[in-house]
Amino acid sequence: MLYLFGLRWEAYNTERSVYYDAGPPRRITFVDAKIDPDRPRLTPSGPPDGGYNVAPGAVVLEQFCEETTGIAIYAQNAAPHAYLIVDATATACAAPSADTLEVSKMVNGAAVTFSFTTDNPPVRYSPNDINYGDPITSPYTLSYPNGSRMVYFKDAANSRREISFIINVDTGGGGGEPVDPRPGEKLFDFEAADGGLYDVYYEAGSPRKIMHYYNGGGAVNKPVVTAEELGFEDGEEITFVCEANNTKVLFRASLDKPFATFTAEANSVECGYVDCSLSVSGLQVYQPTQTGDLGGLRVIISTEAISFTVSITQLADNTTEFLTGAFTPGPFQLYNLKSGAYRLNVTDANGCQASVDYTITAFVPPVEDPDPLPATRWHAVGGLLPRPALLATPVTSLTDTNNEARFGLHVEVELTREGDEQPFARLRKTARQLTEVVDVSTLLHAQLRPELAYPQGIVTPDRAAFLDFRYRYREVDALGVADWVAPPGLQRAALCALPIGPFDENNPNLYVASAQDPAYLVMAFPSGQAVQWVGLPQEVTVWLPDAREADLFAEFVYRDAAGAELEIKTLVVARQLPAGVTRIPLPANVLPCAATVTFRLTDTDRAYAGSCVEAGPVDPPATAHDFNISDLSDNDFR
């Protein structure tokens, strides 16, 4: 351990020595000893003003190197009376870029002469690898006392050399023979009653041991001495030292050889052991809220130590930045943090350590979802009950700036298949109202004239019976042409005849089969022609949805004139059929007594054969069309 400084308290009758222990872990420790062994220790009222002989915050040791790490030590006005700052990126401690330092020695008695060369002068000398002196020149000579020695040299490139040697010279003890170097620390010496001189040493090796040396001067090398000769009572405490891992080694006097004993106590408070109370809690991370902003964090640091230091490790590359200065326990905040994953490392003045991980996420502007497109609008054209296919084409005004009618005002409309660039139809219509609408059923019907080429009498897809399209329009008058307007959403036309029943102009999708309500239907005829057959069409047409998990059944429920159910016939609508328009034929061999048939799609096959009961004649439905036609060429159904 490296001695830093001492503190004295007369009221305590105490002298405290403060040390730096390189560990691991690195820490500051202190050892108390009586100033006067014969003077009782007084009850303290706290250290007097000026009792600290090192000012708080003063530099105790300028930055020195432990391998490639820089260590600096500063005083503080509380135990352990100093704290350290660790700089893992210290330039002065960086690994040498060019190691050219060469050192040799020559021992001559107690004098040692060192010779050295380097490409990176100057060279400095240290007895302990911590405190390096002023630059020196080669050769460099120093004198040393007896014993094993280790000294150190370093050049400007931070290249280091360790030089070991032994000094073993005649100390004048007689006989001209040099004494052996004595390892360890001297605990005490004493003179026996017969004048014999004794030294007692402690060696902290493995194992620890006490050794005594007889230096002569007496009649014999005594195996036992008295308390008067030794200067201590048997078992009296002499002193203690602190070793690694906060171990306290306590020495007591013994009247037998080797005149001292020791006990080792692990985790000694007197040797700097601290039951760590450091904690980091209440992490709050402040993420950037605008582009270019930086983040921040707030934590609560709790510790019984007087202060703590902080470093930040970037987890991506494991680089660490040390914040300058010491901080007091309590809330701790950091600002202007760049995006990334980090670890906040906290070390308090007692050497306790804690950490917490956090992540700063760069602000990314949210992507606004576009407004959803309108649902597909359906138009039923042709068939038994042709409907108009109305497209909205409103104009901005019917009058000009002079409040006169706009001469020649009309709208131009273009219809384009989905995915095509060129329109398949164009028309013009005079604009007579602001909310003008255009009927394009004739144009659509012209596109939906399927040939009678598909198989008859089976459930069959018919892609020619519908089309998807978009439209655009613009208003035109005698003064010029306005810009095109393309309403959003997809339009869908189907060749069909709607059944008798409610019809919602704003929601024609009611007549399309869907997963929510598959009972609705759209009726259609080959080539748009109607066929008189008990007042019912020859086929029905449905729009099959995607993602059908099982077969469906086209169910035809036959009833008599009184509405009584007679029979149910079904046809399989296979799940493999593609989505879109599918034609479903009415079953053959209908009961002659049946007056009506109701159609629906279902997932259950409820078919059963019925028996015919005589029923009276059925009047044709009261519609706008006379079904008693003489042939199949009535063009007004196209």
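**Close-up views of a predicted model**

**View 1. Leu 467 and its surroundings.** Setting aside neighbours within four places in sequence, Leu 467 is in contact (heavy atoms within 4.5 Å) with Arg 417, Phe 424, Leu 444, Gln 447, Leu 448, Gln 491, Arg 492 and Ala 493. This is a predicted model, where local features need pLDDT of at least 70, side-chain atom pairs count only at pLDDT 80 or more, and totals for chains, interfaces and linings use all residues. Residues are numbered from 1 along each chain as its sequence is written, and side-chain values use heavy atoms, with hydrogens and water left out.

View 2. A nonpolar core is a set of buried Ala, Val, Leu, Ile, Met, Phe, Trp, Tyr and Cys residues joined through side-chain atoms within 4.5 Å; buried means under 20% relative accessible area, with a 1.4 Å probe and protein chains only.

View 3. Ser 206 and Pro 207 are joined by a cis peptide bond, with omega about 5 degrees. Look for Pro 207 in the loop between β15 (197–203) and β16 (209–214).

**View 4. Asn 318 and its positive phi.** Asn 318 isn't a glycine, yet its phi is positive, near 65 degrees. Asn 318 sits in the loop between β22 (308–314) and β23 (319–322). With 60% relative accessibility, Asn 318 counts as exposed (over 50%).

Definitions and conventions:
Helix = DSSP H or I, 4+ residues; strand = E, 2+ residues; numbered from the N terminus.
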